[in-house]
Amino acid sequence: MYRYDEFDARFVNERVAQFRRQVKRRLAGELTEDQFRPLRLMNGLYLQLHAYMLRINVPYGTLASKQMRKFAYLARNYDRNFGHFTTRQNLQFNWIKLEQVPDILQHLADVEVTGIQSSGNCVRNITADQYAGRAKDELADPRVYCELLRQYSFLHPEFSYLPRKFKIAVTGSPNDRAAVAVHDIGLRMHKNEQGQIGFEVLVGGGLGRTPYIAHTIRKWLAPEDLLAYVESILRVYNMQGRRDNIHKARIKIIVNQMGIEKYRELVDKDFEFTKNGALKVPEDEVARINAYFAPPQYEKLEDQTQALAKIRSGDRVFDRWMRGNVIEHKVPGYAIVNLSLKAPGKTPGDITADKMDAVADLADQYSFGEIRVTHRQNLVLVDVKQSELYELWHKLVELGLATPNLGLLTDIICCPGLDFCALANARSIPIAQDISRAFTDLDELQKIGQFTINISGCMNACGHHHVGHIGILGVDKRGEEFFQLTLGGSSDQHASLGDRLGPGLPQAEVPAAIRKIVDTYFVVRQQQERFLDTYRRVGIEPFKAAVYGEESQAA
Amino acid sequence: MALVKNGELATSSFVDASGAEAIPAAGPVIVSLDQWKAHREALLKRGTELGIRLHSDQPPELIAADLPHFAVVALEFPKFRDGRAYSYARLLRERYGFKGELRAVGEVLLEQLFFMLRTGFDAFDIQSADPLKDYRTALADFSVWYQPTADGRPTAMQLRHKH
């Protein structure tokens, strides 16, 4: 994975020193809270309901074991022994003291991690396919371009005070695991007619209170033009984006207001100036960064599928885990192993300090010391020998990290909600816990098949509820929490926004409603059809009738 | 008016008349875009140096053809969070080739000076009891940067591959 050179290291250390001064000025009253707010946000520091929350970047979801150990250390010494992985592949600590933040950031800088621009009205952490460089279905490894964008975006002098936040996601696989269509900029690597690999560039996607699927602004962009083109998109947004209303300030609003054709015209006009300038990505820089992403020293191994089949036939529990959580690797004899942070009754994405250390040890022992974070709030060991899967699985079971529910109904995305977040209207975590307790039968989960439930505690949609097969949105009605369900959302290469099922339900009724939706799905599905495909075929009515009763159809 | 210009305290010889009812009869003057449009001929005839002050919703494209007439372009930050003038500054320097004084006015504070410097501003009307100290503090924050911009400082990428 990428390692800082002298320039990166100096930059990050200088950034910590700068924030130390800013905190000192704040504590001395030289900065008002209004002036300090954007400065702390651009270092990842939020003021939440009970304490400061620190959001730490995991660039494109790639983490070294020593970085994970540092998270464990920080959880123990500066927080309450746990951290929370988010839908943007980041880690959040919830109980942080302002005066300790410069020290925490220095600890992180020592292992090449930052909180830079994990919040604020600027370009946020660049996210990517968690299996980048390993997945069998991948066309090209997107990480070199993620890293170029990371460096390009850090403290960009022109774009640090954008109208609103700006999120970029990249996929190098046609099977989109990075949800690029719901980002401000989505980048999809593909080949043009001449067979050259480049980017399809999408713009103006996003969730929140006004959700949009992104538009394609350019069908194919040469990789060397990536930074120049992104700069042009950002410049048009910086000048044209709305600054009079925070709820209308994202790029999606301006793109949809003026239309994608007009936005493209403005970007192309600017790109005429940027494209052959200093932002052209030099080949030697691509080569320099790519060297860091060279594959690890794989052994020449035979495929172990047959040997594994023998073990699997004798151990049903292992078999289930293999089927659910282990994914094909592009190198023979190796496998990609997903660690579920969604055990029944647990908070999705949460992990204790002890388990962080344990995962770091397992990564060192079984997977070249590398860990990936997924936008669905799980962890991944990307380079495990097939011959060591059974042994690793035993250890994961002991740690409670082997719940075989990857991509199944209880693999729930959930924001922190009103238990922590100052913006939330409702508590999302208890809903996730209730649902995971209501669906513990693993045979049933497998029978239900591929299924996503995404939960947000308010319309800001950090839990991506619009793009869950079932989305759950917490709302506040005169002091009481209700939960609105949407059906049919998806964030993959065929992205769609969910349709609202009906009036909000009280917390206690949500698991039963999910049960009714699942029962209805069993009745109407054809053969092995996924829930999403069934929904797209039959529409919302049968599900509405099941949850709200027949009278709803007359209404 | 006390300014920090090119790293030193300086006194501006310009009177900022952009918010005034009447433009002073003599001496270097900074006018608003509206004043420029209304009194263009008279301003050109007075034989003094001219400056123009643009609001954050007035992109420099509006004065691109007139730039040779101006010794000063003042770009306004109505709130420090309004970042449009960073783009305007780069466009003025890099695209329109403006070589005169580019002055940051409005809510100009220590913690944003670094960005202003890098986008091409060279004069700062800093809201501070000790503007020069603030300027030097901001200047000392970083010795590495990643983006090629108007100030011409070499980026990390350029330094990596200079050999």
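**Figure 1. Helix α3(A) passes helix α12(A) in a left-handed crossing.** A crossing is left-handed if the near helix is turned anticlockwise from the far one by less than a right angle. The model is predicted; local features need pLDDT of at least 70 and side-chain atom pairs count only at pLDDT 80 or more, while totals for chains, interfaces and linings use all residues. Residues are numbered from 1 along each chain as its sequence is written, and chains are lettered from A in the order in which they are written. Helices (H or I, at least four residues) and strands (E, at least two) are DSSP runs, numbered from the N terminus. The axes of α3 (residues 65–78) and α12 (residues 353–366) of chain A come within 8 Å and cross at roughly 165 degrees; axes are lines fitted to C-alpha atoms, for helices over the stretch in contact, and angles run from 0 to 180 degrees between N-to-C directions. The pair is therefore roughly antiparallel (angles over 145 degrees).

**Figure 2. Residues in the contact of α3(A) with α12(A).** Helix α3(A) contributes A:S65, A:M68, A:R69, A:F71, A:A72, A:A75 and A:R76, and α12(A) contributes A:A353, A:M356, A:D357, A:V359, A:A360, A:A363 and A:D364. Contact requires C-beta atoms, placed from the backbone, within 7 Å. By class there are nine nonpolar, one polar and four charged residues; Ala, Val, Leu, Ile, Met, Phe, Trp, Tyr, Cys and Pro count as nonpolar, Asp, Glu, Lys and Arg as charged, and the others, Gly among them, as polar.

**Figure 3. The largest nonpolar core, with 209 residues.** Such a core is a set of buried Ala, Val, Leu, Ile, Met, Phe, Trp, Tyr and Cys residues joined through C-beta atoms within 7 Å. A residue is buried if 20 or more other C-beta atoms lie within 10 Å of its own. A:V170, A:V203 and B:F124 have the most contacts inside the core. Helix α6 (residues 226–240) of chain A gives the most to this core, 10 residues. Apart from residues up to four places away in sequence, A:V203 touches A:I185, A:A214, A:H215, A:I217, A:I233, A:I251, A:V255 and A:Y263.

Figure 4. B:A104 is buried, with 27 other C-beta atoms within 10 Å. Beyond neighbours within four places in sequence, B:A104 is in contact with B:L75, B:F77, B:M116, B:F121, B:F124 and B:D125.

**Figure 5. Contact between chains A and B.** Here 29 residues of chain A are in contact with 27 of chain B. On the chain A side, α1(A) supplies the largest share, six residues. That side has 14 nonpolar, seven polar and eight charged residues.

Notes: Buried ≥ 20, exposed ≤ 12 C-beta atoms within 10 Å, placed from the backbone. Contact = placed C-beta atoms within 7 Å. Parallel < 35°, antiparallel > 145°, perpendicular 65-115°, else oblique.
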